[in-house]
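Reader: Hello! I would like to learn how to read aromatic pairs in a protein model. Could you walk me through it?

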Amino acid sequence: MSKAVRNLQPKSLWGYFADLNRYPRPSKKEGKAAAFLVKFGKDLGYETFQDKVGNVIIKRPGSKGNKRKPIILQGHIDMVAQKNSDTQFDFNTMGINMYVEKGWVKAKGTTLGADNGIGVAAIMAVLADKKKKYPPLEAVFTIDEETGMTGAEALEGGLFKGKVMLNLDSEDDTEITIGCAGGIDVTMQGAYPEQKFAKATKVDTFQISITGLKGGHSGMDIHKGRGNANKLMARLLLEIEKDITIKLSSLEGGSLRNAIPREAFATISVAQKKVEKFKHSLAEIAQTIVAECQGTDPNIKIDFAKKRRPAKFMKSGVKESLLHSLNACLSGIYRMSPDIEGLVQTSNNLSKVIVKGGEIKIDCLTRGSVASEKMACA
């Protein structure tokens, strides 16, 4: 699969990207990819080392006659590790399965790792190009950017001589960014009362699934209006509740705090005499939502499958509060910048929901370039 990627131009860039994607590199587990980068630097004959937390530093001397000051090049090794529910893949042990389709490099059922793998590959290509004259280059490949920037925060002073740093973790080829929005994690946790099904209860249980959404990065894609699986599931269940009463046993959606959730699953039970009405209601609401999403998420799919009845369900009253809260939770743009055209100033992503076994955990990632507004939104 990577052969087609390696044949893209410029070959050095795509070749190094394919090399990097052979190694697993989810956040906090970048060891094999870091070791690959260390070997890469040492094979070139450059000063190469890892600091105490695992960041990789490679220093290329300036070309002969080049008297410019050192430049620091930075990218992060880790990637957002997200996959579709029907994809068998272990991010801790496997490399990315890439392919090229209509000029785009894609991954089969997983994230591609271009954030920030393509930036790392670009730095590698520059370091390896000995035909061009460069000033001294100090490359730093940091770990754990996606889940807290702990690698960057742990960098020790005195490692670099450069006064200018280029960070290659951006989305736009024709733009240089001189600032960025800050983010804050908002986590809600709690317990809820469950109720047992009576033995004589005549219900049928179904798993409702929302899949096929595009998802995306909660920063760079939040303005694109893509469907949020958690929000859509809450809306779907509330709409069904207008016609029949459902018993909710579990609700799970999303997998990463900084990714727009593209899948969600709910286990619900309905009275057997109301099953046909449930199916009709679900089909009607699903048709409406799918039609609404065609412009942004043309592959969205809403389906259901019969399941074995669980032992318990969420107590009435709590269920309604949960669904209304999820439905009301902001997920998307809170405010566009009044000063910079096209800039999302503040946003929120309802990223991950786990409701099962009497416990609730809901994760959001709030971003904002105005700190006070970000905190107010959070």
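**Reading aromatic pairs**

Author: Happy to! The model is predicted, so local features need pLDDT of at least 70 and side-chain atom pairs pLDDT 80 or more, while totals for chains, interfaces and linings use all residues. Residues are numbered from 1 along each chain as its sequence is written, and side-chain values use heavy atoms, leaving out hydrogens and water.

Reader: How is a pair of aromatic rings described?

Author: By the distance of the centres and the angle of the planes. Rings of Phe, Tyr and Trp (its six-membered ring) pair if their centres lie within 6.5 Å; planes under 30 degrees apart count as stacked, over 60 as edge-to-face and the rest as tilted.

Reader: How many aromatic pairs does a search of the whole structure find?

Author: Eight. In one of them, Y16 and F40 have ring centres 5.4 Å apart and planes at 75°, so this pair is edge-to-face. Y16 belongs to helix α2 (residues 11–20) and F40 to helix α3 (residues 31–43), 24 residues apart; helices are DSSP runs (H or I, at least four residues), numbered from the N terminus.

Reader: Is F40 buried or exposed?

Author: F40 counts as buried, at 9% relative accessibility.

Reader: And which kind of pair do Y23 and F36 form?

Author: A stacked one, with 5.0 Å centre to centre and 25° between the planes. F36 is buried, with a relative accessible area of 15%.

How values were computed: Helix = DSSP H or I, 4+ residues; strand = E, 2+ residues; numbered from the N terminus. Buried < 20%, exposed > 50% of the residue type's maximum accessible area, 1.4 Å probe, protein only.
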